[in-house]
Amino acid sequence: MSKSTFVADILSNTRNRAVLAAWSQLALPDGWLVAGCLFQTVWNLSSGRPAEEGIKDYDIFYFDGDDLSEAAEAAVQARVDRALGHLGVNIEVKNQARVHLWYPEHFGHPYPRLRRTQDGIDRFLVPATCVAVRPANGSVEVYAPHGLDGLYAGVLTPNPLTDHRDLFRAKAASYQTRWPWLRIEEAAAGAR
């Protein structure tokens, strides 16, 4: 699948479009709109549903290695809430420089210290969902380290970088409940 098709699809979600339109106001270092609001938009369209249907939150990642405090992240969240609160959706902002501080306690698995925002995107539990976008030079930059074919084919495999099978199985089952045509293929991670 082409990046231009992906961009057209994710922009059919008016909330994604509004977030990207306000991007300069957010002033996020190495900021990206990521995850569910993108791949769930694609899956909704593939299912003949409205683009925005059932998307519970819109995730934004950024990277600030100079301040790993919860307070700094909360201040960024507040700034984003002020800029985008009119959308009436839950927008979650996470500093990828500090994920290693809370992930092990929250999810029960180790997590390495990251060097950039894309490192966090690379580690999503399902490679087909490793997607992110941001405005760049009058267009939309796409980051999809595993390509887009798996996303459009609806193939869910474990990510070898973050092979936490318990978390993968729960997430994949949740996705399949909402989009029954998705295929879970656990053996694929071991074959890579």
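## Lining of the largest pocket

Five elements each supply at least two residues of the lining of the largest pocket: α4 (36-46), β2 (57-62), β3 (90-95), α6 (99-107) and α9 (165-178). Helices (H or I, at least four residues) and strands (E, at least two) are DSSP runs, numbered from the N terminus. Helix α9 gives the most, with 6 residues. This is a predicted model: local features need pLDDT of at least 70, side-chain atom pairs count only at pLDDT 80 or more, and totals for chains, interfaces and linings use all residues. Residues are numbered from 1 along each chain as its sequence is written, and side-chain values use heavy atoms, without hydrogens and water.

The pocket is an open set of points on a 1 Å grid over the protein atoms alone, where a 1.4 Å probe fits, with protein on both sides within 12 Å along at least five of seven lines; lining residues have an atom within 4 Å of a point. The volume of the largest pocket is about 860 Å³. Its lining has 30 residues, and Asp59, Phe61, Phe107, Phe124 and Lys171 are the closest to the centre.

## Leu167 in α9

Leu167 sits in helix α9. Leu167 counts as buried because its relative accessibility is 18%, and buried means under 20% relative accessible area (1.4 Å probe, protein chains only). Beyond four places in sequence, Leu167 touches Tyr103, Phe107, His109 and Leu125; contact means heavy atoms within 4.5 Å. Arg123 lies 44 residues from Leu167 in sequence and 12 Å away in space, C-alpha to C-alpha.

Notes. Grid points are joined across faces, edges and corners, and a volume is the space filled by probe spheres set on the points. Buried means under 20% relative accessible area, exposed over 50%, partly exposed in between (1.4 Å probe, protein chains only).
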